[in-house]
Amino acid sequence: MKDCIKNIKGTKDVSFEESYIWHYIENYINSFFQRYGYSEVRTPTFENTELFIRSIGGDTDIVSKEMYSWIDQGKNTLTLRPEFTASIARYFIQNQLHKKNPMHKIYYVGSSFRRERPQKGRLREFKQFGIEAIGSQFPEQDAEIIAMAYNFYQELGISNLKLELNSIGSKESRAEYRSVLKTYLQKYKNDLSETSKKRLEINPLRILDTKIDFEKDIIKNAPKIIDYLNKDDKKYFSSTLDLLDSIKVPYSVNDYLVRGLDYYSQTVFEIQSNLLGSQNALCGGGRYDYLIEELGGKSTPAIGFAAGLERLILAIDIDNILKIVPDIYMISIGDDAIQHSFKIAHQLRENKKLNIVNDSLRRNMKAQMKDANRLQAKYVIIIGEEEIASNQFIVKNMNSGDQKKLSIDKVIEHFK
Ligand code: AMP
């Protein structure tokens, strides 16, 4: 192990023991989102840094201290994406999608990168998946997205879900609230952390998102944004809640939920699970009606959510996921048998549903049998000199222990 190069802190290998769980979840993501009429978009892993500064906001933790940015040989300032919404908005604008269709329902899956302090459920390269519904300014779109996020986890059997919602209103409503909140927080200025002191001037709403206990105590009695929403914003929020009630999605309104990215407006939400420890957010999202225009596109309303795959895997009951095991493990003993086994495996693979493992280590019978057991193979086919001479191959059911002798044609037929 001397001088062995290791993976980078905060990154993770998916081992062969775990990969079946990832395949299961990735297949589930694709089928679940497609069921609601969403199609996948894949954007590049890196973009111009400016895209993230302009969308996520220069004052956010992500942009101010967590991005992996560099200048390439052509003097371009580039960044590994820290999230997807900015890239999807860029893709939407660049391809003038508003001209092609009034509504775009998109989902995505891939790596995001943030230089955070690694801990359970928090990595520096992590997999995100999520959806963006671009085009609708109506509450049924908000309710659809929130219900989708909730049902996504529920159908996977994750218990103890906590869905929290809030409205942070339109720009107009927020302007008034911002000054009221600032006045309130000024009274506690000396008790705030250095970061919050700075935020008090630039963006006091972000202090509501604090994770520091003594700041949480101050927030407890802060004015609530809901009391400062204008009539339209209030109506919009209550229509969204009514729709969720009508399909019995359980939620609670958290008056201080703001979320850490700058582009949100109106509805914001988060789903947590108490199975996760301190990094308990499974997903979060909200409306971002101003983002596309701010990035130079035609003003287009939109809403979405982003979720972490590693955290989902921490919360899921792995025992309920069917492990992929070989249907057949081919055991061969002797030079002739190796060739036969190779050929028979090829013939059997014409049945594309079969998962077949053919030993390639020329091990003895005992070692091959042990390996078949380790992999939990359903059947073994044993091929030796005697079997070849008599055209009678042993097919053993590893669960029941039953075994029979079959000619090659019958073996193929047996597994058709
Ligand atoms: P955000 O873009 O910060 O709203 O994050 C959306 C979701 O991505 C979170 O709810 C997490 O599930 C996941 N996530 C965010 N940051 C990390 C991270 N550093 N490591 C693992 N998952 C993360």
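## A guided look at a predicted protein-ligand model

Ala-175 is partly exposed, with a relative accessible area of 47%; on this scale buried means under 20%, exposed over 50% and partly exposed in between, using a 1.4 Å probe and protein chains only. Before going further, please keep in mind that this is a predicted model, in which local features need pLDDT of at least 70, side-chain atom pairs count only at pLDDT 80 or more, and totals for chains, interfaces and linings use all residues. Residues are numbered from 1 along each chain as its sequence is written, and side-chain values use heavy atoms, with hydrogens and water left out.

### Helix H7

Ala-175 belongs to helix H7, residues 171-186; helices (H or I, at least four residues) and strands (E, at least two) are DSSP runs, numbered from the N terminus. Phe-237 is 62 residues from Ala-175 along the chain, and their C-alpha atoms are 18 Å apart.

Thr-183 also lies in helix H7, and with a relative accessible area of 54% it is exposed. The side chain of Thr-183 reaches the backbone oxygen of Ser-179 at 2.8 Å. This is a polar contact, that is, a pair of N or O atoms within 3.5 Å; within protein, one must be able to donate a hydrogen and the other to accept it, and residues adjacent in sequence count only if both atoms are side-chain atoms. Between the C-alpha atoms of Thr-183 and Gly-121, 62 residues apart along the chain, the separation is 36 Å.

### Around the ligand

Which residues come closest to the ligand? Of the 16 residues that surround it, the closest are Arg-114, Glu-116, Leu-123, Arg-259 and Leu-282; a residue counts if one of its heavy atoms lies within 4 Å of the ligand. By class, this shell has eight nonpolar, three polar and five charged residues. Here Ala, Val, Leu, Ile, Met, Phe, Trp, Tyr, Cys and Pro count as nonpolar, Asp, Glu, Lys and Arg as charged, and the others, Gly among them, as polar. Strands S6 (125-134), S10 (281-287) and S11 (302-308) each supply at least two residues of the shell. Some of the atom pairs are set out here.

| Residue and atom | Ligand atom | Distance |
|---|---|---|
| Glu-116, polar side-chain atom | nitrogen | 2.7 Å |
| Ala-281, backbone N or O atom | oxygen | 3.1 Å |
| Leu-282, backbone N or O atom | oxygen | 3.0 Å |

Taken alone the ligand exposes 490 Å², and the protein buries 92% of that. Such areas come from the Shrake-Rupley method with a 1.4 Å probe, and for residues only the protein chains shown count as cover.

### Strand S9

Thr-267 has its place in strand S9, residues 265-273. Is Thr-267 buried or exposed? Thr-267 counts as buried because its relative accessibility is 1%. Its side chain makes a polar contact of 2.6 Å with the side chain of Asp-142. Leaving aside neighbours within four places in sequence, the residues in contact with Thr-267 (heavy atoms within 4.5 Å) include Asp-142, Ile-146, Asn-166, Tyr-236, Thr-240 and Arg-287.

Ser-273 is in strand S9 too, and at 1% relative accessibility it is likewise buried. With the neighbours within four places again left aside, Ser-273 is in contact with Ile-158, Ser-159, Asn-160, Asn-280, Leu-282 and Ala-315. Leu-282 is also among the residues closest to the ligand.

### Positive phi values

Most residues other than glycine have a negative phi. Gln-266, though not a glycine, has a positive phi near 55°; it sits in strand S9 and is buried, with a relative accessible area of 10%. Asn-391, another residue that is not a glycine, has a positive phi of about 50°. Asn-391 is found in the loop between helix H15 (385-390) and strand S15 (393-397), where it is partly exposed at 31%.

How does the length of helix H1 compare with what it should span? At 1.5 Å a residue, the 17 residues of H1 (19-35) should span 24 Å, and the end C-alpha atoms are 24 Å apart, which agrees; the expected span is 1.5 Å times one less than the number of residues. The buried residues of H1 include Tyr-20, Trp-22, Ile-25, Ile-29 and Phe-33. The buried residues of H1 pack against strand S5 (104-113), S6, helix H6 (139-155), S11 and helix H12 (309-315). Gly-37 follows H1 with a positive phi, near 85°.

In helix H4 (85-94), Thr-85, Ala-86, Ser-87, Ile-88, Ala-89 and Phe-92 are buried. Their cover includes strand S2 (46-48), helix H2 (49-56) and helix H5 (97-100). Just after H4, Gln-96 takes a positive phi of about 50°.
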